[in-house]
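Q: Can you walk me through this one? I'd like to start with the core.

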Amino acid sequence: VMLGRVAAEPFAEPFVARLREPLEQVSEATQRFLRTCAVALRERRYPPPLAAVEEALARLIASIEELRREGVTRALSAEEIGRLYALRFALEQLRQNSEDFRNRVTECASGEA
């Protein structure tokens, strides 16, 4: 929900151009993780590692920080800066939620659920 709110309005072009690829990598890694977890749940197997999602998230956060260090954020309005920080918060929440979900899939595989 939070990512949807952040993405409701487009970011300025410098951000779009620089964050497109890292965002796509997060999306692809998260989709692969969730699809593999679905199979693991059906077959009562252990979930995949979370490393690919974590690495993609780390690259995206590093890209956001790089834009900040370069001063690109100085041209943003207060609202856009708020959305940028909300994006970062939402990405960290995505990482935590993915880790929690992985733990629940592990519980199912081990018969704890």
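Q: Which residues touch the most other members of the largest nonpolar core?
A: F15, I64, L84 and L91 do, out of 22 residues in that core. A nonpolar core here is a set of buried Ala, Val, Leu, Ile, Met, Phe, Trp, Tyr and Cys residues joined through side-chain atoms within 4.5 Å. Buried means under 20% relative accessible area, exposed over 50%, and partly exposed in between (1.4 Å probe, protein chains only).

Q: Which elements give two or more residues to this core?
A: α2, α3 (51–69) and α4 (78–110). Helices are DSSP runs of H or I with at least four residues, strands are E runs of at least two, and both are numbered from the N terminus.

Q: And what does I64 touch?
A: Leaving out residues up to four places away in sequence, I64 touches L19, L84, L87 and L91. Contact means heavy atoms within 4.5 Å.

Q: Is this experimental or predicted, and how are things counted?
A: This is a predicted model, where local features need pLDDT of at least 70, side-chain atom pairs count only at pLDDT 80 or more, and totals for chains, interfaces and linings use all residues. Residues are numbered from 1 along each chain as its sequence is written, and side-chain values use heavy atoms, with hydrogens and water left out.

Q: On to T30. Where is T30?
A: T30 lies in helix α2, residues 13–43.

Q: Buried or exposed? Why does T30 count that way?
A: T30 counts as buried because its relative accessibility is 11%.

Q: What does the side chain of T30 reach?
A: The backbone oxygen of V26, at 2.8 Å.

Q: Which residues does T30 touch beyond four places away in sequence?
A: V53 and L94.

Q: Switching to the outside. Which residues form a nonpolar patch on the surface?
A: L34, L41 and F101, with about 230 Å² of accessible area together. Areas come from the Shrake-Rupley method with a 1.4 Å probe; for residues, only the protein chains shown count as cover.

Q: Where does L34 sit, and what is its relative accessible area?
A: L34 is in helix α2. Its relative accessible area is 44%, so L34 is partly exposed.

Q: Now the whole chain. How many helices and strands?
A: Four helices and zero strands. The pattern along the sequence is α-α-α-α.

Q: What box do the C-alpha atoms fill?
A: Roughly 55 × 20 × 20 Å, along the principal axes.

Q: What share of the residues is buried?
A: 32% of the 113 residues.

Definitions and conventions
Polar contact = N/O pair within 3.5 Å; in protein donor to acceptor, adjacent residues only side chain to side chain. Patch = residues over 30% accessible without salt bridge, like charges linked within 9 Å, V, L, I, M, F, W, Y side chains within 5 Å. Salt bridge = Lys/Arg side-chain N within 4 Å of Asp/Glu carboxyl O.
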